[in-house]
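Welcome! Here is a short tour for anyone meeting this molecule for the first time. Have a look around before reading on.

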Amino acid sequence: MNTNATPRLVDLHCHLDLYPDHAAAVARAEAAGVYTLAVTTTPRAWPQNRQLAGRTRFVRAALGLHPQLVAEHASELTLWERYLPEAKYVGEVGLDAGPRFNRSLPAQVAAFSTILDRCAEAGGKILSVHSTRATRDVLDLVERCLPPGRGTVVLHWFTGSKVDAVRAVRLGCYFSVNLQMLNTDRGRALLGAIPLDRILTETDGPFTNVAGRPAEPADVTLVLDAIAAARQVKPADVASGVLDNLRRLAAAE
Ligand code: MN
């Protein structure tokens, strides 16, 4: 991380290019001092995201191919591979075995395996990974294709079991936690299985809401408050822990 620019907060999973004004959304994240990972759903969005993020201190673009789009966009994997040398961050990638996307699971597994293989070959990539109803499959593929030291997985909006969480920690994964995850007893209990040194914050904006409007990166303060309440520690301690984790994660930037 550029030591001249110290962020205040971290939003490690936000779709800045899906707000009505992409450039304005980037500018708001930058002005608020939020280290924001601008994830993308298709590699066609990479050039614009990279260009806008490149002018900032705190916004980073991630090269993605969303599992929910793999059925129709599988041919874009070639484009994803072509852009990979330009990308430090990869995402949104992963698997989705929910009822709407289960049918494309074999194609998703093929694409995600290739993505992990290419990241392992390149080394040093940080991946924001979707795992809805597919936690075990995601962890199996990570274990098989991305050996420790060849890349780092950040599990976004994790909804697996405690056993899965413990396994993910053992595999070296981080977790980007959002407010919705902590709205349920199950989510708060799951948080207890994750050590503080693996926790990052996210909004997944604009797909989540705060006060009836799409969440913005600066809204991660609410996530810090919720984590602090669940773990009975001070929000400031959670905030500094998350920044430490980001520093460790992005050390090679
Ligand atoms: Mn997302």
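## A pair within one helix

Arg 188 and Asp 185 join their side chains in a salt bridge, at 2.6 Å from N to O. A salt bridge here means a side-chain nitrogen of Lys or Arg within 4 Å of a carboxyl oxygen of Asp or Glu. The two residues sit 3 residues apart in helix 8 (residues 185-191), so about one helical turn separates them. Helices (H or I, at least four residues) and strands (E, at least two) are DSSP runs, numbered from the N terminus.

Asp 185 is exposed, at 62% relative accessible area, while Arg 188 is partly exposed, at 36%. Buried means under 20% relative accessible area, exposed over 50%, and partly exposed in between (1.4 Å probe, protein chains only).

## About the model

What you see is a predicted model, in which local features need pLDDT of at least 70 and side-chain atom pairs count only at pLDDT 80 or more, whereas totals for chains, interfaces and linings use all residues. Residues are numbered from 1 along each chain as its sequence is written, and side-chain values use heavy atoms, leaving out hydrogens and water.

## Other salt bridges

The count of salt bridges comes to 12. One of them joins Glu 86 to Arg 50, with the closest N and O atoms 3.4 Å apart. This pair links distant parts of the chain, 36 residues apart: Glu 86 is in the loop between helix 4 (77-83) and strand 4, and Arg 50 is in helix 2 (residues 46-54).

Arg 136 and Asp 164 also form a salt bridge, their closest N and O atoms being 3.6 Å apart. Since Arg 136 lies in helix 6 (residues 135-145) and Asp 164 in helix 7 (residues 162-170), the pair ties together parts that are 28 residues apart in sequence. Arg 136 is exposed at 55% relative accessibility, but Asp 164 is buried at 7%. Glu 81, Arg 118 and Glu 121 are linked in a network of salt bridges.

## The manganese site

Which residues hold the manganese ion? His 13 (NE2), His 15 (NE2), Glu 92 (OE) and Asp 204 (OD) coordinate the ion at 2.3 to 2.4 Å. Donors are N, O and S atoms within 2.8 Å of the metal (3.2 Å for Na, K and Ca); water is not among the atoms, so sites may look incomplete.

Asp 204 lies in the loop between strand 8 (199-201) and strand 9 (209-210). His 13 is buried, at 0% relative accessibility, and Glu 92 is buried too, at 2%.
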